[in-house]
2 protein chains.
Amino acid sequence: MKAKTDIQWQERVTQNTQASETSYETLSILTVDVVVLTLDEWRLKVLLHQRPNEPFAGAWALPGGFVHLNEDDDTSAAIERVLAHKVGVGGIYMEQLKTYSGMGRDPRGWSLSVAHIALVPRKDLHLPDSPAVALIDVDDLPELAFDHVEIIKDALGRLRSKGAYSTLPANFLDREFTLSDLQAAYESVLGEKLDTSAFRRKVSDLEFLEKTGETRGGSSKRPARLYRLHDPFRLFDRTLGRSNS
Amino acid sequence: MKAKTDIQWQERVTQNTQASETSYETLSILTVDVVVLTLDEWRLKVLLHQRPNEPFAGAWALPGGFVHLNEDDDTSAAIERVLAHKVGVGGIYMEQLKTYSGMGRDPRGWSLSVAHIALVPRKDLHLPDSPAVALIDVDDLPELAFDHVEIIKDALGRLRSKGAYSTLPANFLDREFTLSDLQAAYESVLGEKLDTSAFRRKVSDLEFLEKTGETRGGSSKRPARLYRLHDPFRLFDRTLGRSNS
DNA sequence: GATTGTAATTCACAATTTGCAAATTACAAA
DNA sequence: TTTGTAATTTGCAAATTGTGAATTACAATC
């Protein structure tokens, strides 16, 4: 048994040492997809579009595209290229979510897609007025192409669990925001109301904001101070809200 | 500007509608890698092996292998196939870590690797006695092939931050373990000593263990009660230790 | 210029959750 | 029986969180 294990430690490729070229089948369906999330009136929305081509022509799907091996240095570059045409520029927050692969996803055959999550302030999204592109409430998803429903569920799971103890929700806001905005963003992400005084105390203790010195007046109420995120992403050692798993 | 955005929403492929077959370059270097972690005398170790082939022949590297599109249903299947030959079976904990890709990783060209993390009890690892396979202390890594150092760093980052508020560290233990073992596992992962009474109180409150009813005697001290994990993975809404980001 | 309305921001204090250190407890060995 | 040692609890003090009740800062109105 130990011997068997030993043998198998060699990659199978080495068995035909003559062939200078290994001959595995190559992957022709290599794509990247993005779950672009935003808050619209404090409701979580995903950016979807209707596929113009087969497979799943006409079905709603996540924006994405093929990785162009000759022009994309890596999948991040591919995602940025794809995204550049669909979202206004600016340092939008993005992170890799998970890679989905296999025979079952795409009727054309074995495919692999590296999925990402992008968090964008609503105002930074410049959508075409085509009815084939829309922001859909995440609690009201239509049927989607491929395994995109699963991808979105995973993205939401990640956002909600990571959102409780990190600065993630702040990335839905403009660069400068008020504490009320911040609290509303956390509440939207976590799906629960938070106590204002406790929330502010924690935010203050965690020191991940810097005040701009400015305030946001306008209304006939006390003007709110404006803040800015120190770093786009930081984990805390305690949660800002509760909601979890 | 809005118009331009609009146009770009169509995948480029649709421009030559004549071609029924799209003609992107295909990916020939598609692999999976695993960061197999274990605790050896309460020290975190990674499973590494010396590559027998080019590129990086002779260099230490993570176990991994090509995805065989014709026999692997998806990358998970590929990982399991690769792992089956290097680790004793059993329900070892595994999760996808991140996908690494691009021109720069492999001298042979554009490559993509889906990296995973596996947590295994030391006793379940059946290594060949070859000096080309070893468990290396994560704080004493040698130079590694490809971008494997980065992958291991990412794996450790994930383990440490997720370990503080989840059952992850328990996956390094045997199916039945004592609370002292559990605490030691968390301490090893988090890199800090934890207070015993506080730790036990939290573990008890979080209710993610079930007692087996058995105890582990043997020594001339008070026998420790044995426990078992309810689910291999669960997130908490509070941390068991501190250590973070 | 004083008064009012409304959200922003703080405070004060009770309710909980940790951090620490000092007991207990259960066995095997002496 | 007594002793040694790690397992398990207990008992507060200290720190953190949950609530509800004040303050505060403006613009609009009186």
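1. The model is a predicted one, in which local features need pLDDT of at least 70 and side-chain atom pairs count only at pLDDT 80 or more, while totals for chains, interfaces and linings use all residues. Residues are numbered from 1 along each chain as its sequence is written, and chains are lettered from A and ligands numbered from 1 in the order in which they are written.

2. DNA strand D is surrounded by 22 residues, and the closest of them are Ser220(A), Arg222(A), Ser197(B), Lys221(B) and Arg225(B). This surface is made up of four nonpolar, nine polar and nine charged residues, where Ala, Val, Leu, Ile, Met, Phe, Trp, Tyr, Cys and Pro count as nonpolar, Asp, Glu, Lys and Arg as charged, and the others, Gly among them, as polar.

3. Around DNA strand C there are 22 residues, of which Ser197(A), Lys221(A), Arg225(A), Ser220(B) and Arg222(B) come nearest. Two or more residues are given to this surface by each of α4 (179–190), α5 (196–206) and β10 (224–229) of chain A, and by α5 (196–206) of chain B. The residues near DNA strand C divide into four nonpolar, nine polar and nine charged.

4. Helix α5(B) has 11 residues and the number buried is zero, so α5(B) lies largely in the open; buried means that 20 or more other C-beta atoms lie within 10 Å of the residue's own, exposed that 12 or fewer do, and partly exposed that the count falls in between, with C-beta atoms placed from the backbone. Just after this helix, Glu207(B) takes a positive phi of about 45°.

5. Chain B has an open sheet of three strands in the order β8-β10-β9, with antiparallel pairing, and two strands are said to pair if DSSP finds at least two bridges between them. Because β8 (176–177) and β9 (209–216) of chain B stand at the edges with a single partner strand each, one side of each is left without a neighbour in the sheet. Two bridges link β8(B) to β10(B) in the antiparallel sense, and Glu176(B) has Arg228(B) as its bridge partner in β10(B).

6. Elsewhere in chain B, strand β1 (residues 29–40) pairs with strand β2 (residues 43–50) in the antiparallel sense over four bridges, with Leu44(B) the bridge partner of Leu39(B). Their hairpin has two residues between the strands, and Glu41(B) there takes a positive phi near 50°. Strand β2(B) is also joined by five bridges to the antiparallel strand β7 (residues 133–137) of chain B, where Ile136(B) is the bridge partner of Val46(B).

7. The largest nonpolar core has 111 residues, of which Val35(A), Leu37(A), Val35(B) and Leu37(B) touch the most other members; such a core is a set of buried Ala, Val, Leu, Ile, Met, Phe, Trp, Tyr and Cys residues joined through C-beta atoms within 7 Å.

Conventions. Near = placed C-beta within 6 Å.
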